[in-house]
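I opened the notebook today to record what I looked up in this structure, one topic at a time. The sequence and the coordinates come before my entries.

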Amino acid sequence: RKGENMFVQGFFDEATFTITYLVADEDSGEAVIIDPVTEYDAGRAKLASTPIDLVLDVATDRGFRITRVLDTHAHADHLSAADYVRRKTGARYGIGGRITEVQTVFKTLFNAKDVNTNGVVFDDLFADGETFKVGNLDAKVIATPGHTPACVTYVIGDAAFVGDTMFMPDYGTARTDFPGGDAGTLYDSIQKILSLPGDTRVFVGHDYLPEGRTEYVWETTVAEQKAKNIHVHDGISREQFIEMRNTRDAKLAPPRLIMPSLQVNIRAGQLPPAEDNGKQYIKIPVSLVG
């Protein structure tokens, strides 16, 4: 198996239901971190590096060298710790190349005049089909838009890290009501994932513990997704999926941390620049009810 010397460990963040992955080639010791989380206490406006420090400690204990930190997309439910990892380790920060579209939308929404919408704050803007190595492991980027325009899946060795594109089979798929999201596009992206070999391991970006299950889990396979995913299993048409997804999304509340998350994540995990009093602020746009 092409992943036989591959190490994968998921770290579950209870506050945001996010799984951060440490992925390594055990032969060379080279490793990447996928979807790292910064702890954010909204009530106190305090940041903490506790979740990502745990991941880095495990990497250090195992003698791994972090050469890349990767986000599957600009998350709307947690602040990325990718810049923290980059500063601590010297790793390159990679994300899907269409992040520039997301930056453009949210620069306008937040009047974020400091944001350059060409993606220059990231080190690698991945195109669909782009490849790289993690030690001796082959890695490939698959563009999987639909949840957001910039979503990508990282296929490393025998494993696919799908971010929010799809979840465990008993929970289904990602919402598509964010700017640039589209249910039909998401369906098409999921078919790309489901066309991978059936024994490909699938690691999801979140788990929300659906009714009937008592433990958080985040690993499945392509074959299991094709057979059992409640939204996209064999027999569900593209049209049926679009109708289901749009109906479901219309009832969903925004993520709790959407405002701080997007302001930080379009800046590659960095806070907005300090104002003239030396303090940094996260904005909340206010909509008046007329």
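**Overall size**

I began with the radius of gyration, taken over C-alpha atoms, and compared it with the globule rule of 2.2 Å times the number of residues to the power 0.38. For 290 residues a compact globule would have a radius near 19 Å, and the protein chain has 18 Å, so the value agrees. I noted that this is a predicted model, in which local features need pLDDT of at least 70 and side-chain atom pairs count only at pLDDT 80 or more, while totals for chains, interfaces and linings use all residues. Residues are numbered from 1 along each chain as its sequence is written, and side-chain values use heavy atoms, with hydrogens and water left out.

Along the principal axes, the C-alpha atoms of the protein chain fill a box of roughly 55 × 50 × 35 Å. I then looked up burial, where buried means under 20% relative accessible area, exposed over 50% and partly exposed in between, with a 1.4 Å probe and protein chains only. Buried residues make up 52% of the 290 residues in the protein chain.

**Secondary structure and one sheet**

I took helices (H or I, at least four residues) and strands (E, at least two) as DSSP runs, numbered from the N terminus. The protein chain has seven helices and 15 strands. Strand β4 (residues 37–41) pairs with β5 over three bridges in the antiparallel sense, and Asp41 stands opposite Lys46 in β5.

**Aromatic rings**

How many aromatic pairs does a search of the whole structure find? I found 17 of them, where rings of Phe, Tyr and Trp (its six-membered ring) pair if their centres lie within 6.5 Å, and planes under 30 degrees apart count as stacked, over 60 as edge-to-face and the rest as tilted. The rings of Phe17 and Tyr208 have centres 5.5 Å apart and planes at 50°, so I wrote this pair down as tilted. Phe17 lies in the loop between β1 (6–13) and β2 (18–25) and Tyr208 in the loop between β14 (201–204) and β15 (219–221), so the pair ties together parts that are 191 residues apart in sequence. Phe17 is partly exposed at 29% relative accessibility, and Tyr208 is partly exposed with a relative accessible area of 29%.

Tyr208 also pairs with Phe167, with ring centres 5.8 Å apart and planes at 85°, so that pair is edge-to-face. Phe167, in the loop between β13 (159–163) and α4 (183–194), is 41 residues from Tyr208, and at 6% relative accessibility Phe167 counts as buried. Ring pairs link a cluster that includes Phe12, Tyr171 and Trp218.

**Charges over rings**

Here a charge sits over a ring if NZ of Lys or CZ of Arg is within 6 Å of the ring centre and within 35 degrees of the ring normal. Arg68 lies over the face of Phe132, 4.5 Å from the ring centre, and the charged end of Arg248 sits over the ring of Tyr171, 5.9 Å from its centre.

My last entry is Thr165, in the loop between β13 and α4, which is buried with a relative accessible area of 0%. Leaving aside neighbours within four places in sequence, Thr165 is in contact (heavy atoms within 4.5 Å) with residues including Thr144, Cys151 and Leu186.

Notes: Two strands pair if DSSP finds at least two bridges between them.
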